[in-house]
Amino acid sequence: MQDSCPVEATRTRSDAKMTASLVLCALLAGAATALVCDQNPCVTVNGRCCPTYPCNATMPNTVDVSSIFPFELYGFPEIVRLAVDEINSDPAMFPNQTFRVRWQSTRLGNPGATVNAFACTTLSPTYQPIVQLLIGPVLSAEGVQVAQIAGMMNVPVLSGTVAATGMSDKTLYPTFSRIRSTNAYGAVSAVQFISYYGWDQVVVICSPTDAYSIELASTLVSLAPSKGIHVALNLQFNSAGGDDPAAVLQRVVDSKVRVLFVMLTLADWNVLVPVAAQMGLTSASYVWIASSYQYYVNIPNLPVGLIAIGEYLNTSSPMYKSITAKWADAYKANPSNTFGVPTLGLVPILHYNVIKFGAQVLSNLQKGGVPWTPANIIQAIRNTTWPGIGGTVRLKSNGDSPNNVNFANYQVLPDGTKAWAVVGTVFDGQPLRTTSAKVQWGMGRDGDNVPIAAPQTLSTRLEPSPGLTTTMVALASVVVVVAVLVLAFNVYYRSNPYVKMSTPAMNNVVAVGVVLCMAFVYLLAAAPTITSPARFAVNCNARLVCLALGFTLSFGSLFIKTYRVAQIFAGKVMQVVVITLSDLFKYLFALVALDVVFLAVWLGMSPYAMETIDHGTQVDPSDPDTYLDVYTVHCSSSQAGVFSTIMYAYKAVVILIAAFTAFQTRNVSIPALNDSRQIGLSTYISGIVAVIVYPIAGLIDYRQASALFALTSLAVIVSAGAVLLIVFVPKIKAVCDGTDKHLTSTPPPLGFRAGTPNKRTSASQMAGAAPPKQASNPGQTRS
């Protein structure tokens with residue numbers, strides 16, 4: 001499949017004349033295959049008819065014209081019969097004469113069949129003209145072949161449907177006239193239609209084997225830029241050539257352009273359009289502009305909302321109403337009368353129109369006593385004014401008709417039936433005029449709701465919902481408030497024996513660590529507002545530092561508190577153990593120093609940076625005319641996998657040791673001194689949260705931004721909040737309700753051997769009441 005529709009072929013006049021001369025010479029010299037004149041021209045449509053209509057070869061006083069057309073299309077033989085019958089039924093047309101048509105099929109534009117049909121109907125066996133006028137051909141490809149030969153043989157040619165723009169050149173086609181707008185003007189009018197609705201982009205698809213389709217497509221492609229219209233794609237589709245309709249249409253989808261200028265033969269149309277419907281390309285968002293092949297033709301696969309370019313018809317004229325009614329009656333009486341075509345299409349209507357016009361020209365000449373010479377007939381054709389079915393016929397000096405174009409819209413009527421409605425007209429050289437009929441776009445979309453040429457594409461960063469972000473920040477703020485209250489509590493009650501025995505300095509460090517963990521949540525919530533890669537990288541690295549140090553300060557302090565109790569009660573014999581506050585902070589400093597060194601190596605070798613992940617383009621669910629170019633932004637480090645594994649491993653070791661020491665000291669029954677049960681519970685909760693959340697977070701797609709944010713934030717909030725609530729709320733409650741006084745001493749645990757077995761050991765002694773000579777040392781505490 002080629003990428004674009006071929007450009008309309010242009011030939012020099014000498015080339016065209018040479019081609020016509022060769023064909024003519026072949027005819028005259030008999031070098032061509034012997035002519036085969038159909039004795040039953042209707043054989044191609046499985047019917048029977050004579051080579052002439054009316055069927056009487058020896059009929060006297062006939063006015064003979066020839067008419068060649070594809071019998072296989074649109075029920076053409078019946079429209080010719082209706083036209084001829086009307087002419088002969090009017091006694092004022094040809095008194096005492098019979099208007100007769102010599103006809104033969106062009107076999108759908110087959111070159112050999114077209115020339116054969118011309119010779120059989122228009123020429124004698126010695127190749128002399130035997131008719132006054134050739135009416136036809138119908139297809140542009142047929143017209144190009146026949147009109148050149150007819151011009152060289154001085155045979156007047158009158159067509160109602162041939163629209164090839166090049167045939168306006170009377171050097172090549174001197175005897176050719178037509179009462180049909182040119183293809184070029186159809187494209188000119190289409191550009192006006194597209195501009196009228198404000199569309200600035202269009203996709204063109206044409207049948208590469210059809211001259212009419214090619215000319216319309218190539219003309220629009222050449223004219224569109226001058227009107228500010230961008231041709232996004234110029235494609236061709238040839239079903240007979242094996243082109244894949246889905247592949248062609250996928251390119252349309254990828255272009256995102258929704259205005260389609262589709263110039264296809266009926267064969268190509270009936271292959272492409274069903275696939276387009278399956279792919280959603282005939283929905284309310286798309287506009288299809290088609291040619292007269294689809295206009296007023298009763299064929300399947302016409303999408304509602306289709307706009308078709310067609311010759312201007314005055315559908316309110318008596319002539320139009322009469323012929324369409326006769327056609328309907330003929331079909332109703334017997335469908336075979338109209339060759340199974342229930343509705344009269346545009347092309348046969350135009351052929352009917354030109355037969356009536358040609359007969360009127362000959363009648364006028366006869367009534368005026370003007371001989372039917374070729375020159376007189378051609379002059380009369382180009383100077384006759386006649387009220388035709390498409391409005392008043394008045395040809396230009398070169399035999400061309402004024403360019404009047406209709407735009408018809410295929411609509412659904414209130415009763416559910418479908419019909420064409422003319423929604424706009426472009427008269428020769430004038431702007432588009434809309435009609436009283438309202439346009440109905442694809443799938444019945446209201447005419448005032450005009451589809452757009454192409455959806456706007458918005459670059460959309462997927463982020464957590466604002467409501468979720470606000471909720472997580474609020475929860476983190478609650479934890480921060482609780483941490484501040486714990487700090488205030490520890491400071492205010494620092495002299496309280498119950499508080500003092502629980503090492504308030506370390507408790508304060510736990511609270512500070514929790515606040516740092518909440519800073520991670522704040523930074524995570526702030527990330528969606530950051531667009532600068534540098535600032536986002538700072539945010540990423542700050543998150544890592546806050547979470548790592550926050551964990552160490554909170555859980556490291558809990559571990560050290562538990563370790564202190566374990567050291568006091570490690571032996572079987574009760575004795576004084578001196579552990580100063582500075583000792584505790586040394587341990588904590590060691591853990592923090594390990595973090596600092598590790599983080600320095602990590603951020604020095606492979607710091608976090610902004611990474612953008614493109615998730616493709618999708619239609620906005622709330623607005624089908626908008627595409628979302630979806631992406632997410634994340635923190636990325638080339639060595640994150642290695643470093644995070646190491647960090648998780650040694651953080652897990654801290655949690656496991658803390659849990660183990662808490663288990664060891666679970667039976668120490670001095671509530672003021674021993675937090676092991678609370679510490680163990682908070683450690684277990686944090687561990688369980690980590691075990692559950694970490695693998696789940698790895699499975700969540702980045703596009704599920706809200707879920708990922710919620711899971712990560714809640715994991716940190718729950719873990720840190722559990723520490724505050726489980727470890728410190730019981731202490732605050734005990735002080736507030738006065739039970740703290742009963743929690744500072746206890747009988748020695750079973751199994752311990754003291755120097756005076758019956759003497760109660762005070763909690764302060766258990767905590768390491770030093771000998772008097774040591775008490776004066778201000779740098780140490782006794783535990």
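Here is what to select, and what you'll find there.

**Before you start.** This is a predicted model, where local features need pLDDT of at least 70 and side-chain atom pairs count only at pLDDT 80 or more, while totals for chains, interfaces and linings use all residues. Residues are numbered from 1 along each chain as its sequence is written, and side-chain values use heavy atoms, with hydrogens and water left out.

**Stop 1: the whole chain.** Show the protein chain as a cartoon: it has 21 helices and 19 strands. Helices (H or I, at least four residues) and strands (E, at least two) are DSSP runs, numbered from the N terminus. Of the 783 residues, 52% are buried, with buried meaning under 20% relative accessible area, exposed over 50% and partly exposed in between (1.4 Å probe, protein chains only). Among contacts with a separation of 6 or more, 72% link residues 24 or more positions apart; a contact means heavy atoms within 4.5 Å.

**Stop 2: two helices.** Now select 183-196, helix 5, and 211-223, helix 6: they pack at about 45 degrees, axes 8 Å apart. Axes are lines fitted to C-alpha atoms, for helices over the stretch in contact, and angles run from 0 to 180 degrees between N-to-C directions. The pair is therefore oblique (under 35 degrees is roughly parallel, over 145 roughly antiparallel, 65 to 115 roughly perpendicular, and the rest oblique). Show side chains at the contact, including Ala-187 and Val-191 of helix 5 and Leu-216 and Leu-220 of helix 6. The contact residues split into ten nonpolar, three polar and one charged. Here Ala, Val, Leu, Ile, Met, Phe, Trp, Tyr, Cys and Pro count as nonpolar, Asp, Glu, Lys and Arg as charged, and the others, Gly among them, as polar.

Stop 3: Which strands form the open sheet, and in what order? Three do, in the order 17-19-18, with mixed pairing. Strand 17 (456-461) and strand 18 (609-620) are the edges, each pairing on one side only. To pair, two strands need at least two bridges found by DSSP. The twist averages 25 degrees from one strand to the next. Click Thr-457, and you'll find Tyr-627 of strand 19 opposite.

**Stop 4: a glycine.** Finish at Gly-467, in helix 12 (residues 466-492). Gly-467 counts as partly exposed because its relative accessibility is 46%. Then pick Ser-706: Gly-467 and Ser-706 are 239 residues apart in sequence, yet 9.9 Å apart in space, C-alpha to C-alpha.
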